[in-house]
Amino acid sequence: MQTATPEQRKVPRPRADALRNRERIVTAAREMFVEHGPEVPLDEIARRAGVGNATVYRNFPDRDALVREVVCSVMDRTAAAAELALAETGDAFEALERFVHAAADERISALCPMVSSTFDKHHPDLEAARERVESQVAEVMDRARAAGQLRSDVGVGDVMIAVAQLSRPPAGTDCFRADPFVHRHLQLFLDGLRAPARSVLPGTAVTLEDLRRP
């Protein structure tokens with residue numbers, strides 16, 4: 001009788017129900033982090049996801065791991081929205097619009113501050129997700145600028161700041177109550193990005209390096 005060598009052994013793939021449970025946990029966590037902040041009890045997240053506490057801890061050994069997965073999944077989906085729009089239409093400015101609106105729908109303004117406040121912002125998973133979304137947006141903006149659609153005096157940092165600020169509800173206002181106005185105001189901002197520019201912006205285009213300076 002032969003024993004399988006390490007090369008012959010296969011790592012078992014997660015079962016479909018296990019993958020669904022993990023996705024339910026991440027979705028519930030995203031909703032509750034937005035509503036209550038990153039300190040929401042994990043048993044409340046389990047209850048909303050419809051799973052047991054043990055299932056949460058089996059997938060995410062601690063709160064930092066769950067927060068990191070939520071933030072990474074949000075950044076991945078927003079980058080995918082821009083990439084899909086570019087593939088479907090070939091219109092770089094439309095791809096930029098889809099990214100901006102998708103980022104608002106994902107509550108990116110509420111989730112991104114948790115990166116610096118709750119765990120290591122230099123974790124490899126987080127840095128990889130950030131690089132994917134930033135490179136995708138930079139590519140879309142470069143193509144829109146080359147096509148004469150995007151004004152020349154704005155940078156990726158300008159877009160990221162505007163999305164975060166415009167999709168954040170005013171102080172004392174429930175974020176879900178502000179939802180009907182968010183996309184309206186984001187579209188006003190996007191219209192202001194179109195070339196030709198109607199005014200001269202003060203200062204210089206904001207880069208990602210500018211945002212990261214202490």
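Biologist: How much of the protein chain is buried?
Modeller: Buried residues are 40% of the 214 in the protein chain; buried means under 20% relative accessible area, exposed over 50% and partly exposed in between, with a 1.4 Å probe and protein chains only. This is a predicted model, where local features need pLDDT of at least 70 and side-chain atom pairs count only at pLDDT 80 or more, while totals for chains, interfaces and linings use all residues. Residues are numbered from 1 along each chain as its sequence is written, and side-chain values use heavy atoms, leaving out hydrogens and water.

Biologist: How many helices and strands does the protein chain have?
Modeller: There are 11 helices and 0 strands, taken as DSSP runs numbered from the N terminus (helices H or I, at least four residues; strands E, at least two).

Biologist: And the largest nonpolar core, how many residues?
Modeller: That core has 54 residues, meaning buried Ala, Val, Leu, Ile, Met, Phe, Trp, Tyr and Cys joined through side-chain atoms within 4.5 Å. α4 (63-89) is among the helices that each supply at least two residues, and the largest share, 12 residues, comes from α4.

Biologist: Switching topic: where is Gln-149?
Modeller: In the loop between α8 (124-146) and α9 (156-166).

Biologist: Why does Gln-149 count as buried?
Modeller: Because its relative accessibility is 19%.

Biologist: What does its side chain reach?
Modeller: The Gln-149 side chain reaches the backbone nitrogen of Phe-93 at 3.4 Å.

Conventions. Polar contact = N/O pair within 3.5 Å; in protein donor to acceptor, adjacent residues only side chain to side chain.
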